[in-house]
Amino acid sequence: MGSSGFHPLDEKSLMEYIKDTPALSSKLSNHFHDLQIKEVGDGNLNFVYIVVGSSASFVIKQGLPYIRSLGESWPMTQDRSYYEAMALKEKRKWCTDHVPEVYHFDREMAVICMRYLEPPHIILRKGLIAGIEYPLLAHHMSEFMATTLFFTSLLYHTTAEHKLSVAQFCGNIELCRLTEQVVFSDPYNKKSQCNRWTSPYLDHDVEALQKDDDLKIEIAELKSLFCERSQALIHGDLHTSSVMVTQDSTQVIDPEFAFYGPIGFDVGAFLDNLFLAFFAQDGHADQGDDRRAYKEWILRTIEETWILFHRKFIALWNQHWEGGSGEAYLPEIYNSHELQHLVQKKYMEDLFHDSLGFGAAKMIRRIVGVAHVEDFESIVDARKRADCERRALEFAKMLMKERRRFHTITEVVSAIHPR
């Protein structure tokens, strides 16, 4: 899609844009005198504005024609806003409790207007850094992943429906290519100019990573799965900065990387970010709080998230097995409870191992690649940060290479924290 009518918005021009856009001005009841606009984007790609008026509030997100954090030297398609808007609408159809409503989308201006997640909502990653427990997080995220991934898969769709849905998102090529580069290629390529790490402390670790042929074989298999398997509509970037939380609310945002891909990429992405948060905790500990209890809570949340996801996904599958429209396993062929159980067991085992592999890949890229995470970056002492990162890196390498030996999430957790 061309962007001939595009211009970047600032706080002043956004006011005029709102006035000239009926869907937005009417939401504010045409009351503009007390309107407050603030730019709050702290991500890699976009401008994000909070708009607050006396009668309504919302968020405006505008995609730039380049990566915001890197500047115009790295161009980026604005069509990502189109795929984000479509993904938000589709996922909200299946999970209204955990996906914010889209009020307006302007493709030419790459603008999405959606619900403002008012305070005390904060980015989950910031809450994890601060050591805040969220008692409903596992329940909510397992619900989001189970529903949005099941209902966009062949377990629910006919093959015809599925192919049409895949086609709707197959144009999100640039962001898929970006993922292919930064997750599956750059960290293993010593010639890549994009990589960075906590040097000099991790120099030998990175050298060993990039010489590890067994790891390269595994990452090649995972890249193939990512590129070739159109299993369900995945978020594509489901890390802890794509989730906003309170004690009783969890909202998933920013699905601009969405496409039909492997389910395990989403599940693994969320779990791996919890693992990263776990390994970062020692860097945030102090005399007042050694973070031991919080680390235990993170590990429990990892276990509960997978266990609840597994349970809910299977429950949806059972509910729609007979009389449903899904054509992956036709009930007239898979016509006994024993066979259905075997099919589900194999499917979920494969999904579990996919999730561990993809999660490991995304952990590695956050330590060696171009875009790191605040969990580690906010640790001021570079030596201490490197110690945390090294433990995470060693765990991720083991997990990628040995993921098939794990059969339960408890076994995975015990591998880093024996009980």
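**Exercise 1.** Is Glu207 buried, partly exposed or exposed, and with what relative accessible area?

*Solution.* The model is predicted: local features need pLDDT of at least 70, side-chain atom pairs count only at pLDDT 80 or more, and totals for chains, interfaces and linings use all residues. Residues are numbered from 1 along each chain as its sequence is written, and side-chain values use heavy atoms, without hydrogens and water.

Step 1. The classes are buried (under 20% relative accessible area), exposed (over 50%) and partly exposed in between, with a 1.4 Å probe and protein chains only.
Step 2. Glu207 has a relative accessible area of 38%, so Glu207 is partly exposed.
Step 3. Its salt-bridge partner is Lys211, with the closest N and O atoms 3.0 Å apart; a salt bridge is a side-chain nitrogen of Lys or Arg within 4 Å of a carboxyl oxygen of Asp or Glu.
Step 4. Lys211, at 56%, is exposed.

**Exercise 2.** Find which parts of the chain the salt bridge between Arg125 and Asp375 ties together.

*Solution.* 
Step 1. The closest N and O atoms of Arg125 and Asp375 are 2.6 Å apart.
Step 2. Arg125 belongs to helix α4 (residues 124-130) and Asp375 to helix α13 (residues 374-377), so the bridge joins parts that are 250 residues apart in sequence. Helices are DSSP runs of H or I with at least four residues, numbered from the N terminus.
Step 3. Both Arg125 and Asp375 are buried.
Step 4. The count for the structure is 30 salt bridges.

**Exercise 3.** Describe helix α10 and the setting of Asp266 within this helix.

*Solution.* 
Step 1. Helix α10 covers residues 263-284 and contains Asp266.
Step 2. From first C-alpha to last, the 22 residues of α10 reach 32 Å, close to the expected 32 Å; the expected span is 1.5 Å times one less than the number of residues.
Step 3. Of these 22 residues, 21 are buried.
Step 4. Asp266 is buried but has no salt bridge, and Lys91, the nearest side chain of opposite charge, is 4.6 Å away. Here Lys and Arg count as positive and Asp and Glu as negative, while His and the chain ends are not counted.
Step 5. Beyond four places in sequence, Asp266 touches residues including Met145, Leu149 and His235, where contact means heavy atoms within 4.5 Å.

Key. Helices (H or I, at least four residues) and strands (E, at least two) are DSSP runs, numbered from the N terminus.
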